[in-house]
Amino acid sequence: MSSPAQSPKIRRISPLSPSEAKWTQLNKIEWTDQTGRERIWEAASRKTRGKTGIDAVAIAPILRHPSRPASTLLILQYRPPVQATCVEFPAGLIDEGESPEEAAVRELKEETGYEGKVLDCSPTIVADPGLTDANMQMVTIEINLKEGDKEPEQHLDDGEHIQRVIVPLTELYDKLQGTSFPSILPSSPAKQRPTGRNSIL
């Protein structure tokens, strides 16, 4: 991926009408609580959920190399909703007709260029159930490298700008605690950092 010509910036934030919303919708939930009282809840949902009932996958890559420590692969990606560059695992939506495992293999190759073998797929998890019913499954993929392997080419969609960062597993906790990212704020599934910082892991 070539270096971006400029830093991303938010030009304007305004209300979105339902007719304009391509990816999400706002729902009114009418429900009865444990005391029998009728209540109303506002929640956001994805419009892209398929027959699997699962919106997305996040991928936990395990890189194995003959002469280097076992590592994982994180990505840095600017996220407009939080106006910050976030430290994340590779992730993406599940296409119609895909299983979570198939989506994970595809997204890993698109975002990082790496290919591997699925080791595990987690139960369905949610990150912000007070706001949305969006869900995902975490897929662990093992990538076996050889001596002399070069970093593979990414296959990014238009508008995607993703930086790859390889981190030894023994160093991951300290890295995410801020030894390499001062002033990082908690985020899901990894962490977010304010824009304007050029430090990398």
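The lining of the second largest pocket divides into six nonpolar, one polar and three charged residues. Here Ala, Val, Leu, Ile, Met, Phe, Trp, Tyr, Cys and Pro count as nonpolar, Asp, Glu, Lys and Arg as charged, and the others, Gly among them, as polar. The residues concerned are Ile 10, Arg 11, Arg 12, Ile 13, Ser 14, Pro 15, Leu 16, Glu 20, Pro 80 and Pro 81. A pocket is an open set of points on a 1 Å grid over the protein atoms alone, where a 1.4 Å probe fits, with protein on both sides within 12 Å along at least five of seven lines; lining residues have an atom within 4 Å of a point. The volume of this pocket is about 450 Å³, taken as the space filled by probe spheres set on the points, which are joined across faces, edges and corners.

The model is predicted: local features need pLDDT of at least 70 and side-chain atom pairs count only at pLDDT 80 or more, whereas totals for chains, interfaces and linings use all residues. Residues are numbered from 1 along each chain as its sequence is written, and side-chain values use heavy atoms, with hydrogens and water left out.

The chain has two helices and twelve strands, assigned as DSSP runs (helices H or I, at least four residues; strands E, at least two) and numbered from the N terminus. Their pattern along the sequence is β-β-β-β-β-β-α-β-β-β-β-α-β-β. Of the 201 residues, 37% are buried, that is, under 20% relative accessible area with a 1.4 Å probe, protein chains only.

The largest nonpolar core has 13 residues, of which Val 57, Ile 59, Ala 104, Ile 141 and Ile 143 touch the most other members. Such a core is a set of buried Ala, Val, Leu, Ile, Met, Phe, Trp, Tyr and Cys residues joined through side-chain atoms within 4.5 Å. Two or more residues each come from β3 (56–65), α1 (100–112) and β9. Apart from this core lies another, of eleven residues, including Leu 74, Leu 76, Phe 89 and Leu 172.

Asn 135 is placed in strand β9 (residues 135–144) and is buried, with a relative accessible area of 11%. A polar atom of the Asn 135 side chain lies 3.2 Å from the backbone oxygen of Gly 53. Asp 55, in the loop between β2 (38–46) and β3, is buried at a relative accessible area of 1%. The side chains of Asp 55 and Arg 49 are joined by a polar contact of 2.8 Å (a pair of N or O atoms within 3.5 Å; within protein, one must be able to donate a hydrogen and the other to accept it, and residues adjacent in sequence count only if both atoms are side-chain atoms).

Technical notes
Buried < 20%, exposed > 50% of the residue type's maximum accessible area, 1.4 Å probe, protein only.
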